[in-house]
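Visitor: Can you walk me through this one? Keep it quick.
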Amino acid sequence: MVASAVVMQPASKLSPAGRRASRAVVLLIDSDPHFLDYLSTALAQLYSVTVCRNGNDALTRLREGLAPDIVFLDSILSDFNGLELLVEMRALRSNLRVIMTSCFSEPRYVVQAVKAGARDFLQKPLRPSDLEHVIEQCIEQKIALHENEERTEIPINENVTFVLSNKRMREIRSQCALVSRVDLPVLILGESGTGKEVIAQYIHKLSPRGGRSFLKVNCAAMPADLLESELFGYEQGAFTGAVKSKPGKFEICNGGTILLDEIGEMPPTLQAKLLHVLQDGTFSRLGSRSTTKVDVRVIAATNIDMKQAIADRRFREDLFYRLNGFTLSLPPLRERRDEIPLLLGHFMRRLAEKYDCEPLAISPQLMHGCMNHNWPGNLRELENFVKRFLVLTDEQIMLQEFVPPRLEIVPPGSPASDSSGLKNMVRTMKDDAEAVAITRALEVTRWNRKQAASELKISYKALLYKIRQYNLHPPQA
């Protein structure tokens, strides 16, 4: 049995949210009978409370049909490890909202709880008001999800919004919410443009450091010497041109969060120094013999295969495990195509406001093209696509972006002929036929481009685009 500290304090008055949650079913699972009796008595004034003093009892209740709105599960029970019971309960009810409770808050344990599906983590001693607050939040989230199931846009700051609707991204949002409260490094993996910086800012906003600085450093954007001075600063005279001392990003960001973007590209000479910072929070400026101590949370992001980088000895294995306190893997846009309409709408509204113009409608044809495009540049490519659409205002030109580029047919036996197949030949023939049709229309209309566009049933801008694409010119007089 685990000794649980109990603070004897009366339950708080029922708030408006609490009045809406007053019929919520709460399941308390703990092996301390005194703790259970105290909490159940206090919470019974507001909710329908069921108590279980071991894991087997809880599993039996769930199998018999108990459907709690929220579960408070202790980490150590008389017959179960809390994490093991969490896995079994979620196997019975996958949508179960479970809050882990414990006398300790070891970061590694919290990470394991998140991976197992816990929605939150509370450290004992607990008061009824603590639980009431969590229950109210849970019910509010459930109501909000029911009212607006498809669309979710979370403002992070005036320039950044976390847009999501995909199931996998909702899971990532929940993981961000929990890991943000635990002060450990986070490693964000994903292809370029998947929104790694947005996730990092979201974690920072939700964390206790949310009111402090958030700084980003691109580890691939500068050589080793400049990156070291950028991160750790330098003293006067440390190198030619160092006319005065300058603090680095770690000092400036003391108390806040620093995002080390493209961490996989960090030069090996700097990796050992970063490892030292992660271990004890100390470092030395360039040219200094003294050490500086800082309190900075590190979030790292990369689009490379870290395991391969370690195997190739381009990245230190010990640094990887220091950074990998918790890993978030962002799926590429092609694996969450159901979010494309939502993202298109978001970018269209935001960019139209930025450029002071009216949002453009997305036709079914253009939407079909967007939904079937692979978006190798992910969200960044999609945003730039919307920018070009707002500038050009011509749907036909935008649709051309989904057409593969023209490929030249090479003679058989040449080095490039092996990579040219039937598809390339067909594409070239199609382009040649299109160029001939446009040339004939221009000749018939004596190069009156507007009339030719009307004859071809395409827009004027699309015709100009095609003329440039095929390098067409009027005949010389």
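Guide: Here is a short tour by topic.

Guide: This is a predicted model, where local features need pLDDT of at least 70, side-chain atom pairs count only at pLDDT 80 or more, and totals for chains, interfaces and linings use all residues. Residues are numbered from 1 along each chain as its sequence is written, and side-chain values use heavy atoms, with hydrogens and water left out.

Visitor: How many helices and strands are there in the protein?
Guide: The protein has 20 helices and 14 strands. Those are DSSP runs, numbered from the N terminus: helices are H or I with at least four residues, strands are E with at least two.

Visitor: And what share of the residues counts as buried?
Guide: Of the 477 residues, 47% are buried. Buried means under 20% relative accessible area, exposed over 50%, and partly exposed in between, with a 1.4 Å probe and protein chains only.

Visitor: Let's look at α14. What is its span?
Guide: Helix α14 covers residues 340–354, 15 residues in total. From first C-alpha to last, α14 reaches 21 Å, close to the 21 Å expected at 1.5 Å a residue. The expected span is 1.5 Å times one less than the number of residues.

Visitor: Which residues in α14 are buried?
Guide: Among them are Ile 340, Leu 344, Phe 347, Met 348 and Leu 351. His 346 is buried too.

Visitor: What covers them?
Guide: The cover includes β6 (152–155), β7 (161–164), α15 (364–372) and α16 (378–392). Just after α14, Asp 356 takes a positive phi of about 55°.

Visitor: How do β6 and β7 pair, parallel or antiparallel?
Guide: Antiparallel, over 4 bridges. Two strands pair if DSSP finds at least two bridges between them. A hairpin of 5 residues joins β6 to β7. Pro 155 stands opposite Thr 161 in β7.

Visitor: What about β8 and β14, parallel or antiparallel?
Guide: Strand β8 (residues 186–189) pairs with β14 in the parallel sense, also over 4 bridges. Ile 188 stands opposite Leu 328 in β14. Side chains alternate along β14 (residues 326–329).

Visitor: New topic. What is the volume of the second largest pocket?
Guide: About 630 Å³. A pocket here is an open set of points on a 1 Å grid over the protein atoms alone, where a 1.4 Å probe fits, with protein on both sides within 12 Å along at least five of seven lines; lining residues have an atom within 4 Å of a point. Points are joined across faces, edges and corners, and the volume is the space filled by probe spheres set on them.

Visitor: Which residues lie nearest its centre?
Guide: Gly 195, Glu 197, Val 198, Arg 380 and Glu 383, out of 27 lining residues. The largest share of the lining, 5 residues, comes from α8. β7, α8 (196–206), α14 and α16 each supply at least two.

Visitor: Now Ser 180. Is that buried or exposed?
Guide: Ser 180 is buried, at 1% relative accessible area. Ser 180 sits in the loop between α7 (167–179) and β8. Not counting residues up to four places away in sequence, Ser 180 touches Ile 203, Leu 206, Ser 207, Pro 208 and Arg 297. Contact means heavy atoms within 4.5 Å.

Visitor: Last one. Where does Leu 62 lie?
Guide: In helix α3 (residues 55–63). Leu 62 counts as buried, at 4% relative accessibility. Leu 62 and Leu 92 are 30 residues apart in sequence and 7.5 Å apart in space, C-alpha to C-alpha.
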